[in-house]
Amino acid sequence: MENTQSYWLASTPETDYPGLASDITVDVAVLGGGLAGLSIAWLLKQEGLRVAVVEANRICQGVSGHTTAKITSQHDLVYAELDQVFGRERARQYADANEAALKLIGETIKTQGIDCDYEEKAAYVFTEQDQYVAQIEKEGRIAAELGLPAQADPEPGLPFPVKAALRFDKQAQFHPRKYALALARTIPGAGCALYEQSPVVGLEEGKIITITTKGGPTIRADVGVLATHFPCHDGGGLYFSRMYAERSYVLGVRAESPLPAGMYISAEQPGRSLRTQGTPEGDLLLVGGEHHRTGTGKEWPHYQKLEDYARDHFKVAHIPYRWSAQDYTSADKIPYIGYLKKGKDNLFVATGFRKWGMTTSAVAAMLIRDLIVWGSNPWQDVYSPQRGMGLKAAGKTAGMNVEVAAELITGKLAKAGPSKSGEAWVESRRGKKIGYYRDPQGEIHRVDLTCTHLGCEVAWNSAEKTWDCPCHGSRFTPDGEIISGPALKPLGRDIDPDIV
Ligand SMILES: Cc1cc2nc3c(=O)[nH]c(=O)nc-3n(C[C@H](O)[C@H](O)[C@H](O)COP(=O)(O)OP(=O)(O)OC[C@H]3O[C@@H](n4cnc5c(N)ncnc54)[C@H](O)[C@@H]3O)c2cc1C
Ligand code: FES
């Protein structure tokens with residue numbers, strides 16, 4: 001089995017910002033140092049606010065370090081649905097927000113002189129099947145009516161035939177870590193700071209927000225912004241019942257055949273995403289897709305399916321990079337950006353980006369800045385975490401909760417026998433599910449499989465060698481340490497020797 005490695009991480013240095021060592025007081029505490037948190041902090045600092053970014057691990061190593069980094073207002077097929085479910089005004093807000101995000105990123109790169117492989121390109125949604133043609137045509141019609149730069153293009157420049165394609169002009173792509181690390185460098189100074197390896201373990205609401213990090217140091221802030229991908233504090237907002245996590249995969253391919261010039265996503269499900277990335281060794285073709293609910297325990301075959309697709313459509317020489325990550329989707333597909341809950345005007349959230357977090361991070365930065373500084377923003381209704389849902393979306397939430405409840409009650413893993421080095425297995429002992437992993441040195445790592453967030457049963461991810469929770473996407477190392485929340489505590493390791 002081959003290793004997994006993100007090109008974005010492999011081609012940039014690791015950061016080394018200090019941890020939070022003592023209590024501090026700031027105007028705004030931004031929790032999470034991914035693209036969302038860094039973009040929000042960058043705009044707030046320009047307003048003269050004292051901002052602290054606090055990151056659990058190292059910045060931009062989470063989803064933002066494992067993305068495909070297309071910067072586009074074309075979010076597969078979404079505008080016809082938004083127009084139908086929420087009406088013209090809200091669909092227009094969504095379109096305007098994403099076009100403004102594209103502009104903000106482009107201008108930031110220009111004014112700050114950021115060297116991040118930024119390229120303006122067209123973005124296409126295409127299909128190889130007749131059944132999606134009408135959907136693409138409708139999407140194009142509505143997108144153009146909303147003022148987006150959208151038009152049908154029967155020849156999108158792919159080296160295989162398509163049945164239909166919709167082109168959005170003046171979209172872009174970049175190297176997400178080169179961009180994010182440059183934003184991060186602008187944050188320390190003038191009363192602002194960036195702390196790494198300082199996981200937030202508690203948040204107390206009030207006129208002053210008090211944030212506790214692991215080991216004890218606290219941040220006192222007038223305003224708190226939760227940009228931890230999944231909010232690490234729920235505060236009664238019930239975010240765990242309103243979003244689901246989906247994993248998705250990317251291959252970095254060296255190909256001998258000509259590569260397409262634009263950025264592409266297929267209308268078919270599971271989708272396929274294509275773009276190129278310039279590297280010192282020549283262009284790398286990124287082939288993405290194969291999304292599925294997190295924690296199914298069958299991750300490795302998804303890489304294989306992507307590889308089969310790449311080999312069917314391009315002359316593949318070799319595949320030096322493979323990576324995967326997960327993103328959250330809300331029931332109505334629109335991210336939650338704004339006040340964490342009603343009546344609480346000093347606590348904000350940005351989550352549920354549905355794999356479109358490059359523009360959405362910039363949308364979050366502008367929207368949250370405006371709410372903090374001026375109290376309103378033109379797109380606040382469509383992104384409001386307190387918005388009402390269409391009937392279809394409400395039904396979907398109910399469906400999501402039934403699935404989660406099933407995980408909570410039963411778990412999905414069957415008992416399996418001891419396995420080889422590099423593999424994991426599960427045993428049931430006196431009603432408790434115990435997970436075992438035998439590492440390449442033969443040492444066995446044992447954890448209680450009950451997720452410390454809300455008690456679902458985690459499942460083994462054979463591709464990444466992690467325990468993943470199917471309910472809300474928490475992920476843990478073989479030793480049970482947290483890789484990503486919402487869980488704030490490691491998996492139990494203190495297992496009664498009598499039951500092992
Ligand atoms: C395979 C894949 C491909 C994608 N492709 C695209 C694309 O082409 N275009 C696009 O627009 N979007 C794309 N996306 C989506 C995009 O990458 C994400 O939406 C975006 O990166 C999310 O950014 P974030 O800052 O919210 O999360 P992250 O980058 O995960 O950052 C959150 C940070 O919060 C930290 N954190 C978590 N808990 C705590 C805590 N308790 N205390 C302190 N810090 C904490 C984490 O360590 C992490 O660094 C893709 C996603 C995937 C999975
Ligand atoms: S129960 Fe919520 S992430 Fe596991």
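**View 1. Ser-428 has Lys-433 of β19 as its bridge partner.** Strands β18 (423-429) and β19 (residues 432-438) run antiparallel and are joined over 7 bridges. Strands here are DSSP E runs of at least two residues, helices are H or I runs of at least four, and both are numbered from the N terminus; two strands pair if DSSP finds at least two bridges between them. The open sheet has 3 strands in the order β18-β19-β20, with antiparallel pairing. Its edge strands, β18 and β20 (444-448), each pair on one side only. From one strand to the next the twist averages 25°, with axes taken as lines fitted to C-alpha atoms and angles running from 0 to 180 degrees between N-to-C directions.

The model is predicted: local features need pLDDT of at least 70 and side-chain atom pairs count only at pLDDT 80 or more, whereas totals for chains, interfaces and linings use all residues. Residues are numbered from 1 along each chain as its sequence is written, while chains are lettered from A and ligands numbered from 1 in the order in which they are written.

**View 2. Helix α8 (residues 357-373) is mostly covered.** Its 17 residues reach 23 Å from first C-alpha to last, close to the expected 24 Å, where the expected span is 1.5 Å times one less than the number of residues. Of these 17 residues, 14 are buried (20 or more other C-beta atoms within 10 Å of the residue's own, C-beta atoms being placed from the backbone). Just after α8, Gly-375 takes a positive phi of about 85°.

**View 3. The largest nonpolar core has 123 residues.** A nonpolar core is a set of buried Ala, Val, Leu, Ile, Met, Phe, Trp, Tyr and Cys residues joined through C-beta atoms within 7 Å. Val-28, Ala-29 and Ile-40 touch the most other members. Helix α8 gives the most to this core, with 9 residues. A second, separate core of 17 residues includes Ala-424, Tyr-437, Cys-451 and Cys-456.

**View 4. The shell around ligand 1 has 39 residues.** Membership requires a C-beta atom, placed from the backbone, within 6 Å of the ligand. Gly-32, Gly-34, Gly-62, Thr-67 and Gly-357 come nearest. Helix α8 supplies the largest share, 4 residues; α2 (35-46), β11 (243-255) and β15 (316-330) are among the elements that each supply at least two.

**View 5. Helix α4 (residues 88-112) is followed by Gly-113, whose phi is positive, near 60°.** Buried residues of α4 include Tyr-94, Leu-102 and Ile-105.

Methods:
Buried ≥ 20, exposed ≤ 12 C-beta atoms within 10 Å, placed from the backbone.
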